[in-house]
Amino acid sequence: MKDDVVKHVGIVSRINGNHIQVKITQTSSCSSCSIKSHCTSAESKEHIVDVYDKEAAQYHVGDEVWIIGSTSMSRKAVWYGYLFPLLILMALIIGLSTWWGKNNELSIAIYSLGAVIVYYLLLYFFGNSNMKKTFNFMISKINGFLN
C-alpha cells in the first residue's frame, strides 16, 4: 500500500465545518518523489489543499498533519490537466489542417487554442464538484497510521 500512496506534511490553516484547508510547504523530500515532474507543488513554495473529513473537529488550526493521496489520483490529474488538452489541440490541428488545407495556419492555430481554452473553462466551471469527488485527499495526524 505504501507504494500507491503520496503523502506530504502540512499545517492546518483553516477549518470550516468538515472542510479543512491545509498548507503544504515544499521540502527537499519532493526531490525523491516519483511523480515530482508532474506535480505543481514541486514548482511552488506553498500549496493549499482542500480536504473534506467528517472528523474535522479533531483538528485545530496550526496542527501538523499528513495529507495523503494515491498515485492513481496523480495520474488522473496529469490526464485532466495536460494530456486531454494536448489531445484536443493535436486532433484539431490535424483535423482542421486536413479539412481546410495548410493555407489557413493562423485560423487553425486560433481555433485549436480556443478549443483548449474552452476545455479549461468548462473544467473550471462545471468540473468543480466532480473534481472534489475524484481528487479526495485523506488527512491524518502526524502520529497517525502512516509514519
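User: What makes up the protein chain in terms of helices and strands?
Analyst: The protein chain has 3 helices and 5 strands. Helices (H or I, at least four residues) and strands (E, at least two) are DSSP runs, numbered from the N terminus. Their order from the N terminus is β-β-β-β-α-α-α-β. This is a predicted model, in which local features need pLDDT of at least 70, side-chain atom pairs count only at pLDDT 80 or more, and totals for chains, interfaces and linings use all residues. Residues are numbered from 1 along each chain as its sequence is written, and side-chain values use heavy atoms, with hydrogens and water left out.

User: How do you know which element has the lowest mean pLDDT and which the highest?
Analyst: pLDDT is the predictor's confidence in each residue, from 0 to 100. Helix 3 (residues 128-134) has the lowest mean, 68. Helix 2 (residues 105-126) has the highest, 92. The average for the protein chain is 81, and 78% of the residues score at least 70. Where pLDDT is low, the predicted coordinates should not be read in detail.

User: Why is S112 called buried?
Analyst: Buried means under 20% relative accessible area, exposed over 50%, and partly exposed in between (1.4 Å probe, protein chains only). S112 has a relative accessible area of 0%, so it is buried. S112 is in helix 2. Of the 147 residues of the protein chain, 27% count as buried.

User: What does S112 touch?
Analyst: Leaving out residues up to four places away in sequence, S112 touches L89, L92, I93 and L96. Contact means heavy atoms within 4.5 Å.

User: What makes K23 and E46 a salt bridge?
Analyst: The rule asks for a side-chain nitrogen of Lys or Arg within 4 Å of a carboxyl oxygen of Asp or Glu. For K23 and E46, the closest N and O atoms are 3.9 Å apart, and the pair forms a salt bridge. K23 sits in strand 2 (residues 19-25) and E46 in strand 3 (residues 46-52), so the pair links distant parts of the chain, 23 residues apart. The count by this rule is 1 salt bridge.

User: Why do K23 and E46 count as partly exposed?
Analyst: K23 has 29% relative accessibility, so it counts as partly exposed. E46, at 49%, counts as partly exposed too.

User: How many aromatic pairs are there, and what makes W99 and W100 stacked?
Analyst: The whole structure holds 6 aromatic pairs. The W99 and W100 rings are 6.0 Å centre to centre, with 20 degrees between the planes, and the pair is stacked. Rings of Phe, Tyr and Trp (its six-membered ring) pair if their centres lie within 6.5 Å; planes under 30 degrees apart count as stacked, over 60 as edge-to-face and the rest as tilted. W99 counts as exposed because its relative accessibility is 67%. W100, at 32%, is partly exposed.

User: Why is the pair of W100 and Y111 called edge-to-face?
Analyst: The planes of W100 and Y111 stand 65 degrees apart, with 5.3 Å centre to centre, and the pair is edge-to-face. W100 lies in helix 1 and Y111 in helix 2, so the pair ties together parts that are 11 residues apart in sequence.

User: Which residues form the nonpolar patch on the surface?
Analyst: The patch consists of W79, Y82, L83, F84, L86, L87, M90, I93 and I94, with about 810 Å² of accessible area together. Patches are made of residues with over 30% relative accessible area and no salt bridge: like charges are joined within 9 Å, nonpolar side chains (Val, Leu, Ile, Met, Phe, Trp, Tyr) within 5 Å. Areas come from the Shrake-Rupley method with a 1.4 Å probe; for residues, only the protein chains shown count as cover. L83 lies in helix 1 (residues 71-100).
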